[in-house]
Amino acid sequence: MSDDTEPTKPETARLFFALWPDAPTCARLDEAGRRLHEICGGRRTRAETIHLTLAFLGDVDLARIDELLLLAGEIQAPAFAFRLTHSGWWQHNRIAWIAPDETPLELARLVDGLKQRLGSAGFRLEARPFVPHVTLLRKANCNKEVLPSEVIEWRAGDFVLVRSVLSERGAAYEVIGHWPLLHGNNDKLREN
Ligand code: 2AM
């Protein structure tokens, strides 16, 4: 006999907010990944999945996705440009990355705004501080290697909510929400 009272596990999606590069920026990042790969080996991030994570949510109940879309739509943050200027490698997770020298103020504010709203709405977030980076290689070994210097300009005009589906090929990403960052006074609606 089937047991109708057995609790069903809520269906979840693995989600994160990110900046997604436009095509020329993506091509430059992909090229930087190629150069890094020559030195450090490992597995390159596929060009179509290159991004900068703003806030990683992990598994979220599907029933809460609409709430997330509304919450992100309330963010009023300016568009900004920044430069990715140095490559590095973390031994503990064997990720090789490219990053800005310092976290741009607008980026820090965008992340703070998102995290505050997410926290108030009861979404669980990682406790670790935000360290902006773009992962270019996994399972890499750059130990003691001199890494190439790069200057890649990134004009951030929007941010996205992404669903990650893990498979043997790595993660497949689907953008499920997309919000513009504001371009100064020109983007404000004029009343007359
Ligand atoms: P990473 O690039 O340093 O691996 C999707 O997994 C994105 O969310 C990746 O960019 C990943 O960062 C980031 N992320 C942050 N925290 C994570 C976690 N605990 N598990 C998996 N990915 C995480």
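The side chains of Glu74 and Arg117 meet in a salt bridge at 3.5 Å, N to O (a side-chain nitrogen of Lys or Arg within 4 Å of a carboxyl oxygen of Asp or Glu). Glu74 lies in the loop between α2 and β4 (80-84) and Arg117 in helix α3, so the pair ties together parts that are 43 residues apart in sequence. This is a predicted model, in which local features need pLDDT of at least 70 and side-chain atom pairs count only at pLDDT 80 or more, while totals for chains, interfaces and linings use all residues. Residues are numbered from 1 along each chain as its sequence is written, and side-chain values use heavy atoms, without hydrogens and water.

**Salt bridges**
- The structure holds eleven salt bridges.
- Arg35 forms one with Glu150, the closest N and O atoms being 2.7 Å apart.
- This pair links distant parts of the chain, with Arg35 in helix α1 (residues 23-40) and Glu150 in the loop between β7 (134-138) and β8 (152-156), 115 residues apart.
- Arg35 is partly exposed at 28% relative accessible area, whereas Glu150 is buried at 9% (buried means under 20%, exposed over 50%, partly exposed in between; 1.4 Å probe, protein chains only).

**Sheet**
- Four strands form an open sheet in the order β3-β1-β9-β10, with antiparallel pairing (strands pair if DSSP finds at least two bridges between them; strands are DSSP runs of E, at least two residues, and helices runs of H or I, at least four, numbered from the N terminus).
- The edge strands, β3 (52-61) and β10 (170-180), each pair on one side only.
- Phe16 stands opposite Val162 in β9.
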